[in-house]
Amino acid sequence: MSATTASKPQDTFTPMLVIGLLFFIFGFVTWLNGPLIQFVELAFDLDTVNAFLVLMVFYLSYFFFALPASWLLRRTGMKKGMAIGLLVMAAGALAFGEFAVRRWYPGALSGLFVMGAGVALLQTAANPYISILGPIDSAAQRIAFMGICNKVAGILAPLVLGALVMHGLGDLKTQMESVDAAGRAALLDAFAARIHLPYVAMAIVLAGLGVWIVRSPLPEIRAAEVNRASDEGRAAAKGLFAYPHLWLGVLCLFLYVGVEVMAGDAIGTYGRSFGLPVDETKFFTSFTLAAMLAGYLAGLIAIPRFVSQARYLALSAALGAIFALGAFLTRGYVSVGFVAALGFANAMMWPAIFPLAIAGLGRLTETGSALLIMGIAGGAIVPQLFALLRERHDFQLVFLAIMLPSYLYILYYALRGYRAGRE
């Protein structure tokens with residue numbers, strides 16, 4: 001393959017299909033976390049704060065492994081790096097399934113941490129790859145297509161887990177109230193065992209995909225050649241500190257992932273706080289993801305045909321602030337509906353923030369991408385903050401106090417922050 005071909009492939013359709021499949025895979029794995037909160041809360045007999053450790057360990061793995069992932073990608077290339085990420089995810093899935101059956105919570109969390117590490121490697125490679133596969137100004141449109149793959153998987157994930165593992169929760173809780181300690185333990189053991197086969201099957205699929213990726217027609221792209229800025233030589237001498245728009249983008253992505261996880265994974269807990277039945281709340285994540293899917297479709301149509309990705313990000317942030325206020329001012333199913341609608345507002349934020357933040361990084365693209373992936377730790381910190389504060393304060397007030405300032409900062413980045421140091 002010539003240097004030109006390696007830098008920017010002529011055929012973008014095939015690579016987009018392959019990367020779309022990867023986005024589907026890590027979307028499915030990631031959006032299992034919402035119903036998993038309810039699973040571990042029952043299977044391991046936990047309170048809400050400890051159940052939310054599911055989100056904390058999964059998303060903290062991004063923080064710890066994103067930079068090592070960028071170093072690995074420089075040695076292996078993006079293609080082999082993606083394959084390694086899939087194999088790491090397979091190992092984590094096996095560990096989670098095994099430790100869940102044994103009802104040993106630290107072991108189950110370690111499995112989720114390993115899965116998160118694999119997804120971190122996959123994301124560190126896949127996001128810059130799709131951003132620079134074509135013109136950077138239209139990257140949001142390509143990432144929106146990836147987002148559709150991701151969120152279709154996310155809609156399916158709670159439904160699949162609900163059908164295979166979470167069915168009959170109401171009856172199970174009734175049975176547990178009428179038995180002694182030994183009977184309760186036996187019921188929980190049987191419930192926890194339901195998770196084993198689905199996670200073993202997931203591990204097999206992930207490992208198979210890892211092998212396939214290595215043999216796939218996916219070409220390598222050299223970010224240093226494709227994503228250069230006109231003043232790269234001067235800026236590169238200073239390193240990443242010459243790009244303030246990147247650092248502001250890391251904080252923006254941190255807050256965005258926090259509000260996305262709040263709207264998607266914490267919505268079940270939010271609904272149960274109103275006293276809504278658990279047999280309904282276990283499906284609420286799918287409603288948020290359906291709204292996100294609609295948002296992606298809107299973004300595909302609008303960007304860049306009618307509006308720039310930065311302007312669309314500003315509109316999305318404003319809409320998020322409005323929906324967060326709507327959730328605070330209403331109750332019950334209507335309030336939950338506003339939380340689910342946040343999915344529409346959130347949909348195009350990642351597709352817009354990521355290319356805006358890595359624009360012009362040149363040979364520093366992989367490292368900048370890793371810093372952005374580290375920002376995914378917002379999915380660990382923000383929901384845990386919500387879980388802790390709701391123990392002492394009104395949960396709707398806590399929800400608003402977290403969400404509104406986050407959307408206002410994202411609005412700032414869309415209007416001014418992404419241009420810092422580049423004007």
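Modeller: Quick one before we start: helices here are DSSP runs of at least four residues, numbered from the N terminus. And keep in mind that this is a predicted model.

Biologist: Fine. Between which helices is Ser308 found?

Modeller: Ser308 sits in a loop. The helix on one side spans 284–302 and the one on the other spans 309–329. So that's the loop between helix H16 and helix H17.

Biologist: Is Ser308 buried, partly exposed or exposed?

Modeller: Buried would need under 20% relative accessible area, and exposed would need over 50%. Ser308 comes out at 40%, so it counts as partly exposed.

Biologist: What about Cys149, buried or exposed?

Modeller: The cut-off for buried is under 20%. Cys149 has 16% relative accessibility, so it counts as buried.

Biologist: How many disulfides turn up in the whole structure?

Modeller: For a disulfide, two cysteine sulfur atoms have to lie within 2.5 Å. Searching the whole structure for such pairs, the count is zero.

Biologist: Where is confidence lowest in the protein?

Modeller: Mean pLDDT for the protein is 85. Over residues 1–9, though, pLDDT stays under 50. Where pLDDT is low, the predicted coordinates should not be read in detail. The lowest confidence, a mean of 41 over residues 3–7, belongs to helix H1.

Terms used: Residues numbered from 1 in each chain as written. Predicted model: local features only at pLDDT ≥ 70, side-chain atom pairs only at ≥ 80, totals over all residues. Heavy atoms only, no water. Buried < 20%, exposed > 50% of the residue type's maximum accessible area, 1.4 Å probe, protein only. pLDDT = per-residue confidence, 0-100. Helix = DSSP H or I, 4+ residues; strand = E, 2+ residues; numbered from the N terminus. Contact = heavy atoms within 4.5 Å.
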